[in-house]
Amino acid sequence: MLQAVMLIVAQTIVLLAVSPFIVGLIRKVKARLQCRRGASAFQPYADLAKLFRKQPVVSDTTSWIFTATPYILFASTLAAGLLVPVFVSQTPLNFAGNIIALVYLLALGTFFLILAGLDAGSAFGGMGSSREAIVASLTEPAMILSIFAIALTAGSTNLSTIVHKTALLEGIVTDPSPHLMAFAALFIVALAETGRVPVDNPATHLELTMIHEAMVLEYSGRYLALVEWAAGLKLLVFLTLIVNIFAPWGIATSLAPGALGLGLAVYLVKVSGLAVVIGVIESMFAKLRLFRVTDLLGVAFILALLALVFFYVLRG
Amino acid sequence: MSLLSQQFGSQMVNLGSALLLLTCFAIVAQRRLSACVDLFALQSVLLAATAALVAFLTGIHHIYIAAALTVVIKAVLIPRILKQVVERLNVTRELVMNVNVPASLLICGGLVMLAFFITQPIIPLGFLLTRDSLAIALAIILIGFFTMIARKKAVTQVIGFLVMENGLFLGATSAAYGMPLIVEIGVFFDVLVGALIIGIYTHRLQDAFDSVDTTKLTTLKE
Amino acid sequence: MAWPLLLLVAAPIVAGLGSLLAGRRRAVEVLQCGLAGAMLASAALVAERVIAAGSVSVEGFLQVDALSAWFDLIIGVVGSTGTLYAVGYMGEKMDRAHLSLRRYCQFFCLFDLYLAAMLLAVNLENIAIMWIAIEGSTLSAALLIGFDRSKEALEAGWKYIILSSVGIALALFGTILVYYSSEHVLGVSSEALRWSELYRVAQGLDPAVIKLAFIFALIGYGTKAGVAPMHTWLPDAHAEAPTPVSAMLSANMLTLAVYAILRFKAVTDKTVGPEFAGNLIIGLALLSIAVSSAFFLVQRDYKRLFAYSSIEHIGIALLGFGIGGLGVFAGAWHLMNHALAKSTAFYGAGLVFLRHNHKSLERVTGLLDQMPLAGTTILLAGVALAGLPPFGLFSSEVLIAAGAYTAKPEVAYAFLALLAFAFATLLYQILRMALGTPGEAGTALGRQCRIFTGAAVGINLVMLGAIGLQVPPGLETLLASIVTIFSAGMEAPR
């Protein structure tokens with residue numbers, strides 16, 4: 001019991017502490033690739049601290065949803081993060097849910113953010129909300145299918161079991177093709193869900209193209225800090241999911257201190273590596289026009305579907 | 001060959017076939033004509049690599065020759081011909097299609113399942129090493145077929161046909177460890193001549209209709 | 001002694017390459033006339049030897065049994081009259097300066113290679129190499145159909161090459177599947193692709209694979225045979241190709257595709273019993289007859305009219321093969337008579353086209369008065385194609401209907417109803433063309449053209465009439481052996 005509580009606390013701290021760094025790291029990579037020095041990778045911490053000190057401004061026309069959303073978003077994303085094995089293959093909230101719960105916790109946050117975007121009644125908020133709704137409805141099936149493909153190969157929908165089995169190479173002698181396709185699908189989903197290029201550009205405030213930024217345009221002060229932090233958390237949750245499902249090797253499979261330390265170090269290296277990859281991708285590709293986003297997400301969905309089909313077929 | 005390496009080899013062949021299928025989807029999703037040609041060349045290289053892998057694992061040497069021919073003809077010669085055709089055209093991308101991209105992708109996903117469904121009863125008859133690829137080969141053939149229907153430009157229709165041919169070659173390699181060499185060479189010769197003739201036709205269509213949009217071919221009807 | 005066989009296959013190749021290099025019109029004409037004679041004689045000799053000895057073969061490469069000999073005869077005879085006709089037709093075009101000498105030579109090179117590919121395909125004993133030869137005929141035909149380089153010809157050629165390529169690719173997949181199954185019995189070698197070997201071991205092949213292979217082969221080669229619903233290329237190609245090519249497409253290439261289907265059917269029958277392949281073929285055949293007869297009435301183009309008639313007759317022949325037994329006899333007989341009659345009809349249509357330079361059905365009337373040769377040709381061929389006695393198509397259609405009645409009465413009713421409709425509509429159009437008062441004057445044909453085309457038409461009509469009343473004894477032996485190829489499966493169905 002005590003162990004479980006300790007684990008919850010430890011994982012919460014790691015997630016909260018690492019997520020601003022990942023956001024900063026991607027910005028740094030992009031800056032270097034554009035031959036700029038760029039802000040330090042730790043800049044987001046300072047930004048968050050400053051935002052927390054500032055007084056928020058809330059429009060008179062908004063309802064309770066507007067003020068509640070940052071808390072709901074932050075809490076649901078963090079809860080989702082606790083369902084994912086981070087540096088140890090047991091998850092703290094193992095008993096509470098599996099990958100399906102994970103998907104719906106993330107969807108809950110998105111749902112409230114969409115409502116909040118509409119709530120303020122500004123034109124941009126509504127536009128961002130409608131776009132986010134399109135993207136979310138297209139990513140969800142691809143995400144569920146790709147995770148199911150992995151779940152099938154491991155024989156469990158419990159993330160902890162999936163990661164544990166894969167890390168120990170237990171009973172999983174399958175073809176690499178379903179994994180490869182599910183990985184590609186989940187990666188595209190991650191880019192879309194976390195509002196990265198080529199679906200959305202987190203660095204822009206150009207009215208015509210923004211999605212996520214348009215929804216949170218009305219937020220300020222500590223609300224904005226929570227929303228931004230939650231966005232960073234979501235990104236980290238996806239990266240964690242990807243690295244630990246597809247390459248869990250090095251993760252701590254027991255609670256021995258040495259294994260935990262190694263697991264944490266390996267985890268940081270892997271997540272940072274993936275963040276660098278995302279930074280490179282953002283520098284290489286232009287944002288897609290909104291009509292073309294459906295093409296990209298269609299590809300992700302098909303990849304996930306193929307991963308499922310291949311799992312059944314290639315067993316023979 | 002030990003059981004483990006047999007299984008590993010089979011997985012690698014499956015992986016190669018799966019990548020081939022992925023390039024098919026990329027071709028379906030790609031609008032730029034020259035990128036489609038590049039993707040076709042990439043697919044041919046992957047096909048040659050898969051065939052060479054089968055040759056290595058089985059020790060059947062004539063598949064190496066077929067793989068080499070694939071590289072020379074399908075990865076170098078035919079893409080070069082197609083590039084020349086594309087350069088002459090007054091369009092670089094396909095903006096309007098008979099079936100739009102997301103729907104095409106979904107239909108192709110359905111075709112893959114159909115191919116698996118069709119080949120399910122006959123898969124157990126095959127060689128352990130490659131038998132799963134037969135389903136993928138049929139899927140590639142069907143997707144190539146679909147591309148020919150879904151696209152309007154003559155060039156993409158040709159690519160659809162060539163994708164079908166790639167599927168056939170994968171089928172022959174995986175189902176039967178390659179046809180006899182004389183047959184393979186004959187088939188390659190036919191494909192090359194076919195691509196040349198279709199290339200000639202595309203040139204003449206461009207000259208006569210000032211377009212390679214096959215929906216403009218509407219003079220002949222009842 | 002297989003030299004007639006080698007001559008049959010080699011003569012068109014030699015003549016074709018010779019024509020390309022000749023560079024003089026007179027030399028090309030001599031070469032082509034020689035080719036026509038050589039094909040006629042060698043096809044007859046091959047058939048004679050097969051009748052006497054049962055089979056002729058060149059070890060490891062060519063293998064002629066009764067079925068191959070039958071198609072050798074069809075392609076050889078019609079190919080030789082087609083060559084004569086082409087000399088007259090293309091010569092007339094050249095006289096009118098529609099054609100340069102270089103293009104004239106190119107045409108004959110392609111034309112002969114096309115014939116060579118078809119003659120090769122029916123004599124090969126390896127099903128995969130047969131596929132290569134059939135693909136070769138597809139490619140050369142594609143260039144021939146677009147030969148005029150008009151917009152219409154290019155469109156027809158494009159449709160043809162795209163649809164046929166798809167079809168032929170599916171057929172190759174069917175061939176691969178047969179190999180997939182047979183190499184378990186015969187080992188990984190060319191043996192596993194030989195007809196004779198496949199027939200021998202057919203009962204040991206996997207039924208599921210063979211069924212699937214047959215479906216692919218039927219769709220694939222069926223596309224090339226112009227079977228509905230894969231027939232859409234056919235009217236366009238037949239209408240826009242130069243007329244000698246139209247005649248060869250209809251009389252030879254469709255027949256060749258039927259040959260390929262039959263080879264697959266023979267294996268399938270032995271493996272899974274005749275019902276499976278037979279029912280599939282009957283379904284497609286009835287659909288073809290229905291589709292084509294529906295289009296007779298609305299035609300405004302006389303070459304398209306004959307093209308749809310080809311769809312109908314290939315459907316009728318396939319129906320015979322699908323029914324089996326007596327139907328096989330009648331189907332093979334129907335194919336030969338159709339090849340002769342349809343090529344004759346196209347020869348006549350080509351003469352009309354040369355005179356009027358348009359293909360409009362409405363504007364062509366009174367041919368018997370205006371062009372006695374073309375008018376008689378079209379009238380006689382049309383009467384034959386409509387299925388009236390004394391031509392062989394009458395007897396084969398009656399036999400097929402009788403066979404259908406004993407095997408599947410409902411098929412016979414549908415067949416007879418469709419046939420009656422097709423008969424009335426086709427005959428109406430033919431009579432309208434032949435009778436009445438002539439319309440426009442047009443350009444008269446040159447003397448050389450009349451001699452060559454007249455010879456081609458004459459040979460065809462004489463043969464059509466000679467075999468119309470009764471099946472000659474030699475051919476009857478051939479037909480009987482063909483029937484046994486397909487009946488072997490009926491004795492021991494699995």
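The exercises below, each with a worked solution, concern a predicted model.

**Exercise 1. Overall form of chain A**

Work out which elements make up chain A, and whether its radius of gyration agrees or disagrees with that of a compact globule.

Solution. Begin with the elements: chain A holds 11 helices and 0 strands, and from the N terminus on the order is accordingly written α-α-α-α-α-α-α-α-α-α-α. Next, take the extent of the chain, whose C-alpha atoms fill a box of roughly 60 × 45 × 45 Å along the principal axes. For 316 residues a compact globule would have a radius of gyration near 20 Å, and the 19 Å of chain A agrees with that value. Finally, turn to the interior, where 51% of the 316 residues of chain A count as buried, while 78% of the contacts with a separation of 6 or more join residues 24 or more positions apart.

**Exercise 2. The side of chain A that touches chain B**

Determine which helix of chain A supplies the largest share of the side that touches chain B.

Solution. The contact takes 15 residues from chain A and 18 residues from chain B. On the side of chain A, helix 7 (176–193) and helix 11 (290–313) each supply at least two residues, and the largest share, 10 residues, comes from helix 11. Sorted by class, this side of chain A has 9 nonpolar, 4 polar and 2 charged residues. To place this contact among the chains, note that 2 pairs of chains touch and that the most contacts are between chains B and C, whereas no contact joins chain A and chain C, whose closest C-alpha atoms lie 18 Å apart.

**Exercise 3. Helix 4 of chain B**

Solution. Helix 4 covers residues 101–119 of chain B, and its 19 residues reach 27 Å from the first C-alpha to the last, close to the 27 Å expected at 1.5 Å a residue. Its buried residues include B:Val101, B:Leu105, B:Cys108, B:Val112 and B:Phe116.

**Exercise 4. The setting of B:Ala49**

Decide whether B:Ala49 is buried, exposed or partly exposed.

Solution. B:Ala49 lies in helix 2 (residues 33–58) of chain B. A buried residue needs 20 or more other C-beta atoms within 10 Å, and an exposed one has 12 or fewer; B:Ala49 has 17, so this residue is partly exposed. As a further distance, the C-alpha atoms of B:Ala49 and B:Glu94, 45 residues apart along the chain, are separated by 30 Å.

Definitions and conventions: Residues are numbered from 1 along each chain as its sequence is written. Chains are lettered from A and ligands numbered from 1 in the order in which they are written. This is a predicted model: local features need pLDDT of at least 70, side-chain atom pairs count only at pLDDT 80 or more; totals for chains, interfaces and linings use all residues. Helices (H or I, at least four residues) and strands (E, at least two) are DSSP runs, numbered from the N terminus. The expected span of a helix is 1.5 Å times one less than its number of residues. Two residues are in contact if their C-beta atoms, placed from the backbone, lie within 7 Å. Ala, Val, Leu, Ile, Met, Phe, Trp, Tyr, Cys and Pro count as nonpolar, Asp, Glu, Lys and Arg as charged, and the others, Gly among them, as polar. The radius of gyration is taken over C-alpha atoms; the globule rule is 2.2 Å times the number of residues to the power 0.38.
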